[in-house]
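The structure comes up first, then the questions.

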Amino acid sequence: MGTVISWVVATIITLPIIGYLIVFICTKQLTKNHRKAVNFALNCSTLLFIVSVHFIIQTIWDISLFWGICLLMIVLAMVVVIIHHKHKEEIHIPRVLKGIWRLNGLIFILIYCVLVIAGITINVIRVF
């Protein structure tokens, strides 16, 4: 039983799209609202994309850039706070946190896609 659970967790971390789809389908069935299901699934899968980016980097180049990921998230948070302050002139914490989380989700989905393509390319080149 422990092996099955570890296999499922490992699959969801390395393929966060599966985690996104599971959350999306369940939420869509419960709420019957497509927009809420997409937003909730993206919010939940952001953490999966962040973790998977870390492990993909570790797998491809055999280094840990956890500090770089944390630094990127801090810089993104600073950007969101500065932009929010310029537009609203007052920082509304829940909106800022939501913006930070969504921007992280977008950036890490893009990084994940680039790393998957890079990983496949690098492994194909190593074979030949």
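Q: What share of the residues of the chain count as buried, and what makes a residue buried?
A: Of the chain's 128 residues, 24% count as buried. The label needs a relative accessible area under 20%, while exposed takes over 50% and partly exposed is what lies in between (1.4 Å probe, protein chains only). Keep in mind that this is a predicted model, where local features need pLDDT of at least 70, side-chain atom pairs count only at pLDDT 80 or more, and totals for chains, interfaces and linings use all residues. Residues are numbered from 1 along each chain as its sequence is written, and side-chain values use heavy atoms, with hydrogens and water left out.

Q: Why is Ser52 called buried?
A: Ser52 has 1% relative accessibility, so it counts as buried. Ser52 sits in helix H3. Leaving out residues up to four places away in sequence, Ser52 touches Ile13, Pro16 and Tyr112; a contact here means heavy atoms within 4.5 Å.

Q: How many helices and strands are in the chain, and what makes a run count as one?
A: There are five helices and zero strands, and from the N terminus on the order reads α-α-α-α-α. The runs come from DSSP: a helix is H or I over at least four residues, a strand is E over at least two, and numbering starts at the N terminus.

Q: What makes a set of residues a nonpolar core, and which residues form the largest one?
A: The members must be buried Ala, Val, Leu, Ile, Met, Phe, Trp, Tyr or Cys residues joined through side-chain atoms within 4.5 Å. The largest such core has 10 residues: Phe49, Ile50, Val53, Ile56, Ile57, Ile60, Ile69, Phe108, Tyr112 and Leu115. Helix H3 (34–61) and helix H5 (93–127) are the elements that give two or more residues to this core. The largest share, six residues, comes from H3. As for Ile56, it touches Tyr112, Leu115 and Val116, not counting residues up to four places away in sequence.

Q: How do you know how many disulfides there are?
A: A disulfide is a pair of cysteine sulfur atoms within 2.5 Å, and by that rule the count is zero. Cys44 is in no disulfide, since the nearest cysteine sulfur, that of Cys26, is 11 Å away. Cys113 is in none either: its nearest cysteine sulfur, that of Cys44, is 19 Å away.

Q: Why are Cys44 and Cys113 called partly exposed?
A: Cys44 has 33% relative accessibility, so it counts as partly exposed. Cys113 has a relative accessible area of 38%, so the label is partly exposed here too.

Q: Where is Glu89, and why is Glu89 called exposed?
A: Glu89 lies in the loop between helix H4 (66–88) and H5. Its relative accessible area is 67%, so Glu89 counts as exposed. Phi of Glu89 is near 60°, a positive value in a residue other than glycine.
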